[in-house]
Structures are given as C-alpha cells and as structure tokens.
Amino acid sequence: MKTAKTLLALAGALACSVASAWAADTLTIATVNNGDMVRMQKLTDDFTKANPDVTLNWVTLEENALREKVTTDIATKAGQFDVLTIGTYEVPIWAKKGWLVSLDKLGADYDVDDLLTPIRAGLSYEDKLYAAPFYGESSMVMYRKDLFAKAGLTMPESPTWDFVADAARKIADKATGTYGICLRGKAGWGENMAFITAMSNSFGARWFDEKWHPQFDQPEWKNTLSFYVKLLKDAGPPGASSNGFNENLTLFNSGKCGMWIDATVAASFVSDPKQSKVSDQVGFALAPNNGLGKNANWLWAWSLAIPKSSKHIEAAEKFIAWATGKHYIDLVASKEGWANVPPGTRKSLYANPEYQKAAPFAKLTLDSIMSADPTHPTVKPVPYVGVQFVAIPEFQGIGTTVGQQFSAALAGSTTVDAALASAQNSTTRTMTKAGYIK
C-alpha cells in the first residue's frame with residue numbers, strides 16, 4: 001500500500017512537472033544587432049526574475065537580414081517569432097493587413113500618453129498602437145571638436161551642405177587615416193537609402209510626383225547623388241560603399257571620421273568613453289540643409305510588435321511592457337548611467353534634469369525628432385507618407401533595388417547618370433505593374 005502511495009505521489013509530481021513545463025512560455029524574439037538591443041539582452045534577468053514562467057529565445061540579426069527574415073515570417077504566417085523588432089515603415093502597413101496584435105493591454109502603469117507624439121503616431125494605425133517604441137530617433141551631425149579647432153572651423157548648430165562638404169575636405173588627412181566624413185553606403189532601403197532619401201529631401205528631390213511617377217530623371221536627384229558620391233570620394237573612407245550604421249560607428253569611435261551624419265541614437269555610443277576613443281571631443285549639430293527649408297533629418301523608431309501568429313501573446317505583452325516601459329529606462333540608468341538609456345520615446349525622459357545633465361545631445365535629438373514631418377517630407381508635394389522611406393508595401397523592394405544602383409555609383413562600378421537612369425526605369429516598371437501608374 002505504501003509503495004502504491006509513493007508511486008501515486010511520484011506520478012503526481014511528474015504530472016505537475018510536465019504541466020509546469022507545458023505552462024511555461026518561450027518567447028522567440030527577433031531583433032537587430034545594434035548596441036541598445038544587445039544591452040537589453042544583457043539586462044533581461046530583471047524580466048525573467050519577475051516572470052519565471054517565461055523564457056526568452058533571442059534571434060539577433062544584422063539590419064538587412066532582420067528585415068528579410070521577419071517580413072518572410074509574417075507574410076507566410078510561419079509563426080517562428082513571438083516578438084518582432086520592426087520600424088515605423090512596417091508597422092502601419094502590417095497593421096492594415098491584420099498581421100499585428102494591437103497593443104492596448106500593456107498595463108495601467110505603461111503611460112502610453114507619455115510617448116512622444118510623432119513616434120506614437122508613426123507606430124499607430126487608425127489611432128491604435130501596434131508596436132511599442134524601444135527607442136526613437138532622427139538624424140544629426142556628430143563631429144570632432146578637436147579636428148574642427150585644428151582646421152580653424154566652427155560648426156554651426158544648423159549647418160548647410162556646402163559648409164559640411166568644405167569642412168570635410170579641410171579635415172580629411174588620408175595619410176594618417178583620418179577621413180573628413182563617414183556616411184552610409186551599404187545598399188539597402190534601410191541603410192544607404194534611408195540616408196540618401198533624407199538627404200535628397202533637403203535638395204528638394206522626391207521619390208514620386210503627385211501621380212506616382214518616379215522622379216530620378218529630375219535635376220534635384222542628380223544634384224543629390226552627384227554631391228553625395230563626390231563628397232565621399234574626396235573626403236570619405238575607402239570602401240564607403242560597404243559601410244552601414246555599425247561600420248561607420250566603429251570608424252567614428254576609433255577616431256577615423258571628422259564627421260558622421262547618422263541616427264541620433266548613436267550619440268550615446270560616441271559619447272561613451274567605454275566605447276569611443278574620442279568621446280571627450282564629440283560635438284553635435286542638426287542634420288544639414290540646402291537653404292530650402294528642409295533639413296536632412298529622418299524619423300524612425302525601432303519598436304517591438306507581436307505577430308498575430310504568436311501562440312504566447314499574453315507573455316509577449318508582458319515582455320514588451322517591460323522593455324519599453326519607464327522601469328526599463330530607470331534600470332538602464334542605474335546600471336549604465338543616464339546617457340545610455342534608450343532615447344527618443346518618452347516626454348518624461350526629456351523633462352528629466354538628470355538626463356539633460358548627462359546627455360548633452362538631448363535637446364538636439366528632441367528638436368530633430370519633433371521637426372521631422374512624415375506628411376510633408378520634402379519641398380514639393382508628394383502622394384506618400386515617410387521621411388526616409390515611402391510608406392507603401394512596394395518600397396521595400398524598390399528601395400533596395402535603387403540602393404544597389406546608388407551603392408554601385410559610389411563604388412565606381414557605374415556612373416551617377418547610369419545609376420539614376422536605372423533607378424528611374426526599374427521603379428517605373430514596378431509602380432506600373434503594381435497599378436500606381438495608369
């Protein structure tokens with residue numbers, strides 16, 4: 001009898017153990033390999049201690065690979081991921097298709113009204129939030145104050161492109177491996193085309209006219225691409241056509257770039273003495289303009305979303321509330337300092353005196369985010385929304401194709417004129433096939 005009771009107890013314990021295993025949620029999270037996301041992975045003990053029934057499985061990818069992977073997964077309803085790292089381009093398009101879970105259950109203390117208005121709007125569809133911003137960004141100039149002083153230059157708060165080009169050529173000293181300017185050249189709609197599209201806005205260019213006809217045959221685009229290619233050839237690093245965000249960050253932090261124009265989120269990395277050899281010499285300015293009323297700054301948020309195909313929606317909501325909530329910002333501040341918290345998402349951060357003191361780039365970041373206007377991105381009227389992208393499903397393909405052509409022009413394997421002609425032809429073909437051009 002005692003043996004039978006023991007066996008029953010063991011069977012019960014085993015059943016409980018199996019049930020517990022079945023009850024546990026394993027969240028598979030697709031994310032990008034940048035510094036803020038890598039830091040989040042190191043801090044997730046804070047989440048798993050509070051949620052012992054949830055385990056986290058990370059899939060960390062380079063930016064272009066991430067976009068390809070998550071787009072394929074959600075479009076085919078494969079269900080490989082429970083949390084996706086996506087941006088302001090994908091969110092409204094995927095929400096409209098019914099691919100994402102609306103985020104209206106993040107908890108009473110999440111304080112959704114604290115999110116910066118442009119960032120919240122960019123992640124919403126029909127006034128519902130479909131992704132929560134992990135960090136938000138615009139773009140700005142990061143520069144070396146010591147090299148500017150040596151060259152007798154003073155960076156204006158809002159420089160023109162002519163000033164930037166002149167300064168880059170004066171600062172460049174290729175014999176010592178110091179380059180005047182580092183810019184994105186790696187092909188991809190979210191790599192070189194994010195930068196070049198924002199730059200083209202300040203030159204008065206646009207992707208499409210009001211009837212969706214591509215505009216690469218117009219002088220504004222020739223001015224943009226000619227200026228970009230010549231500037232990097234004169235004052236950029238060798239192999240610039242292979243450099244994206246991470247490659248240029250490495251170059252800047254190792255003291256190789258006099259200027260770098262890129263995401264405002266990089267400001268904390270280049271100011272961090274643990275990461276940057278030039279942290280004490282970094283200055284900041286607004287993205288350049290051409291005197292046409294538009295600066296070359298973009299608007300973006302890397303954000304976390306839940307695909308409808310997830311089988312662990314409740315656990316995914318808990319994780320997103322943790323990763324994008326005020327508690328996580330306080331956690332990073334306590335571990336890494338206020339300058340390293342994820343920026344660009346919450347009003348309360350920019351009202352925090354401790355953050356203002358620790359982050360000399362805070363005001364310029366906020367000004368850049370608030371001034372980017374996705375509904376009026378360039379000088380002339382456009383039929384699309386988006387500053388550094390065009391918010392239509394076809395853009396992921398045409399943006400990457402055009403990016404390959406422009407990267408080839410930078411590498412010297414084709415001319416600026418040939419790259420623009422190819423961009424005009426390929427984009428016209430796609431837009432006609434998709435029914436935009438009648």
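Some ground rules. This is a predicted model, where local features need pLDDT of at least 70, side-chain atom pairs count only at pLDDT 80 or more, and totals for chains, interfaces and linings use all residues. Residues are numbered from 1 along each chain as its sequence is written, and side-chain values use heavy atoms, with hydrogens and water left out.

Disulfide first. The term means a pair of cysteine sulfur atoms within 2.5 Å. By that rule, the count is one. The partners are C182 and C257, with sulfur atoms 2.0 Å apart. They join distant parts of the chain, 75 residues apart. C182 is in the loop between helix 8 (161-171) and helix 9 (192-202). C257 is in the loop between helix 11 (245-253) and strand 8 (259-263). Helices (H or I, at least four residues) and strands (E, at least two) are DSSP runs, numbered from the N terminus.

Which hand does this disulfide have? The torsion about the S-S bond is about -85°, so the disulfide is left-handed.

Are the two cysteines buried or exposed? Buried means under 20% relative accessible area, exposed means over 50%, and partly exposed is in between (1.4 Å probe, protein chains only). C182 has 0% relative accessibility, so it counts as buried. C257 also has 0%, so it is buried too.

Five strands form an open sheet, in the order 2-1-3-10-6, with mixed pairing. Two strands pair if DSSP finds at least two bridges between them. Which strands stand at the edges? Strand 2 (54-61) and strand 6 (132-137) do. Each has a single partner strand, so one side of each has no neighbour in the sheet.

Look at strand 1 (residues 25-32) and strand 3 (residues 83-86). They run parallel, joined by two bridges. A30 stands opposite L84 in strand 3.

Next, G87. This residue is in the loop between strand 3 and helix 5 (90-96). G87 is buried, because its relative accessibility is 0%. Leaving out residues up to four places away in sequence, G87 touches L123, W300, A301, W302 and S303. Contact means heavy atoms within 4.5 Å.

Last one: T178. Find T178 in the loop between helix 8 and helix 9. At 14% relative accessibility, T178 counts as buried. Beyond four places away in sequence, T178 touches L147, A172, D173, G255 and K256.
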